[in-house]
Amino acid sequence: MQIHIVKSPELAAEAAATLIAAAILENPDLVLGLPTGSSPLGAYRALIRMHREGLLDFSKVATYNLDEYVGLDGTHEQSYRRFMDENLFEHVNIPRENTHVPSGVGPDPERNARDYEAAILSAGGIDLQFMGIGRNGHIGFNEPSDSFADKTAVIALSPSTVEANKRFFASADDVPKTAVSMGVGTILRARRALLLATGRDKAEAIRGMVNGPVTPMLPASALRFHPNCVAILDEAAASLL
């Protein structure tokens, strides 16, 4: 794992966006894995700016998001499909049919997960997987557990993740308790991986990811097995290294 430490969250976001932009310029047909949450927002704003300046063409890019809440359709204000539309897709020239987010609705969430994994494989796999990290070390919605999930699956959210996400809902009771998420194995099979972490509240998870044991109790630690993974950290996130 290559680790790059920069002074501020803004510089970290610019660095992540620059790496993504370079990958698109190198391969206009890039299959790009994407996250939601607060961590990638600065990078998405930078990518939108690059597109508006005529530097980036998304017309042939295909995207696959890490996860989606079970029970929320794409029109729900807290769905990750809507998050992506509002924070990236509607601002660049990517065709709607090229953007993929797991389905959180329907009678069989497990079938949705299997279909999503199959769609990634049909696309030839992910070229570059972009992600953040949770305070408990989760990547995607892969929570601390007794084993690493190999494929996209329905995952129960930990109390700490529900607590962290309740600020987006009326109360913790309204936060969905399960999600369809790429598995750790799905993430590791991406040809390149890019992790972005900023803020002191991520420092403990980053220390465990880099210096602790590789364990499913800290899912991000599995990234140490990835042959081409870059972590971009601001000084606060790296403060315990």
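Predicted model: local features only at pLDDT ≥ 70, side-chain atom pairs only at ≥ 80, totals over all residues.
Author: Buried means under 20% relative accessible area.

Reader: Is F141 buried or exposed?

Author: F141 is buried, because its relative accessible area is 3%.

Reader: Which ring does F141 pair with, and how are the planes set?

Author: The ring centres of F141 and Y69 lie 5.7 Å apart, with the planes at 40 degrees, so this pair is tilted. Y69 belongs to strand 4 (residues 67-69) and F141 to the loop between strand 6 and strand 7 (153-156), so the pair ties together parts that are 72 residues apart in sequence. Y69 is buried too, with a relative accessible area of 1%.

Reader: How many aromatic pairs does the whole structure hold?

Author: A search of the whole structure gives 6 aromatic pairs. One of them is Y44 with F130, an edge-to-face pair at 6.2 Å centre to centre and 85 degrees between the planes. Planes over 60 degrees apart count as edge-to-face.

Reader: Where in the chain do Y44 and F130 lie?

Author: Y44 sits in helix 2 (residues 41-52) and F130 in strand 6 (residues 128-131). They are 86 residues apart, so the pair links distant parts of the chain. Y44 is buried, with a relative accessible area of 0%, and F130 counts as buried at 0% relative accessibility.

Reader: How is empty space found in a model?

Author: Rolling a probe the size of a water molecule over the atoms shows where empty space is left. In this structure, the largest pocket has a volume of about 900 Å³.

Reader: Which residues lie nearest the centre of the largest pocket?

Author: T36, G37, S38, S39 and R167 lie nearest the centre, out of 42 residues that line the largest pocket.

Reader: Which element supplies the largest share of that lining?

Author: Helix 5 does, with 5 residues. Among the elements that each supply at least two residues of the lining are helix 1 (9-26), helix 3 (80-87) and helix 5 (159-165). Helix 2 and strand 4 also each supply at least two.

Reader: Which residues make the nonpolar surface patch?

Author: M1, I3, I5 and L241 make a nonpolar surface patch of about 310 Å². M1 lies in the segment before strand 1 (2-6). M1 counts as partly exposed because its relative accessibility is 33%.

Note on methods: Residues numbered from 1 in each chain as written. Heavy atoms only, no water. Patch = residues over 30% accessible without salt bridge, like charges linked within 9 Å, V, L, I, M, F, W, Y side chains within 5 Å. Areas by Shrake-Rupley, 256 points an atom, 1.4 Å probe, with all protein chains shown as cover. Salt bridge = Lys/Arg side-chain N within 4 Å of Asp/Glu carboxyl O. Helix = DSSP H or I, 4+ residues; strand = E, 2+ residues; numbered from the N terminus. Buried < 20%, exposed > 50% of the residue type's maximum accessible area, 1.4 Å probe, protein only. Phe/Tyr/Trp six-rings, centres within 6.5 Å; stacked < 30°, edge-to-face > 60°. 1 Å grid on protein atoms, 1.4 Å probe; cavity = no way out; pocket = protein on both sides within 12 Å on 5 of 7 lines; lining within 4 Å. Points joined across faces, edges and corners; volume = space filled by probe spheres on them.
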